[in-house]
Amino acid sequence: RRRAEVYFESRQSEFQPDRNCYACAEKSRSVTISPGSVVVSDTESITEFQKIEPDKVQAVNRIAVYLTPNPNSREGILWQEVRGKAVAFFDYELEMQRKDGAACVTTPKGVLQCA
C-alpha cells in the first residue's frame, strides 16, 4: 500500500497595490512511501498574479525542483555537487477570468474551464 505526505516548509507573500499585483512563494517536501521504497521531492513554487481587468487576472508561475540531501543515495551526492541549488525549472503562464459569475481558467491547450 502506498501513501504520500506533503510538508510545507515556508510561505511568503507580498502585495503591491500600485501595480495591482500579488506574489506568493512556498517551499514543500513531498514524501511517497510504499513497501520497500521512499521517494522524497523538494519543490518551490513562486507565482505572481496581476489584475489586468475587473474580471481578469494573469499569472506567471515558476516551479523549482531540488535534489534531496540523502547521503546514502546517488541523489545525495549530486545534491552536494550542486550545493543545494535548484536543478530544474518549470514556467507556466495563466490567464483567469470570471464568466457569468464563475471563475474560469484557460488551459495550456486553449480550453476554457469554469468552476
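Strands here are DSSP runs of E with at least two residues, helices are runs of H or I with at least four residues, and both are numbered from the N terminus. Two strands count as paired if DSSP finds at least two bridges between them.

Quick word on what you're looking at: it's a predicted model, where local features need pLDDT of at least 70 and side-chain atom pairs count only at pLDDT 80 or more, while totals for chains, interfaces and linings use all residues. Residues are numbered from 1 along each chain as its sequence is written, and side-chain values use heavy atoms, with hydrogens and water left out.

Okay, let's zoom in on one pair. Strand β4 (residues 56-66) runs antiparallel to β5, with 10 bridges between them. Val-65 sits opposite Ala-88 in β5. There's also a salt bridge here: Lys-56 and Glu-95, with the closest N and O atoms 3.4 Å apart. By salt bridge I mean a side-chain nitrogen of Lys or Arg within 4 Å of a carboxyl oxygen of Asp or Glu.

How many salt bridges does a search of the whole structure find? It finds 7. One of them joins Arg-11 to Glu-26, at 3.3 Å between the closest N and O atoms. That pair links strand β1 with strand β2, across 15 residues. Arg-11 is exposed at 60% relative accessibility, and Glu-26 is partly exposed at 29%. Those words have cut-offs: buried is under 20% relative accessible area, exposed is over 50%, and partly exposed is in between (1.4 Å probe, protein chains only).

Then there's Arg-19 with Glu-48, 3.5 Å from N to O. Arg-19 lies in the loop between β1 and β2 and Glu-48 in strand β3 (residues 37-53), so this pair ties together parts that are 29 residues apart in sequence. And Glu-9, Arg-29 and Asp-42 are linked in a salt-bridge network.

Now the loops. Asn-20 is in the loop between β1 and β2 (21-34), and its phi is positive, about 55°, although it is not a glycine. Arg-83 does something along those lines: a positive phi of about 60°, and not a glycine either. Where is Arg-83 placed? In the loop between α1 and β5. Is Arg-83 buried or exposed? At 72% relative accessibility, Arg-83 counts as exposed.

Lys-85 is in the loop between α1 (74-82) and β5. Lys-85 and Leu-67 are 18 residues apart in sequence, and their C-alpha atoms are 8.0 Å apart.

Last stop, the surface. Phe-90, Tyr-92 and Leu-94 make a nonpolar patch of about 270 Å². Tyr-92 is in strand β5 (residues 88-99), and is partly exposed at 40% relative accessibility. Patches take residues with over 30% relative accessible area and no salt bridge, joining like charges within 9 Å and nonpolar side chains (Val, Leu, Ile, Met, Phe, Trp, Tyr) within 5 Å. The areas come from the Shrake-Rupley method with a 1.4 Å probe, and for residues only the protein chains shown count as cover.
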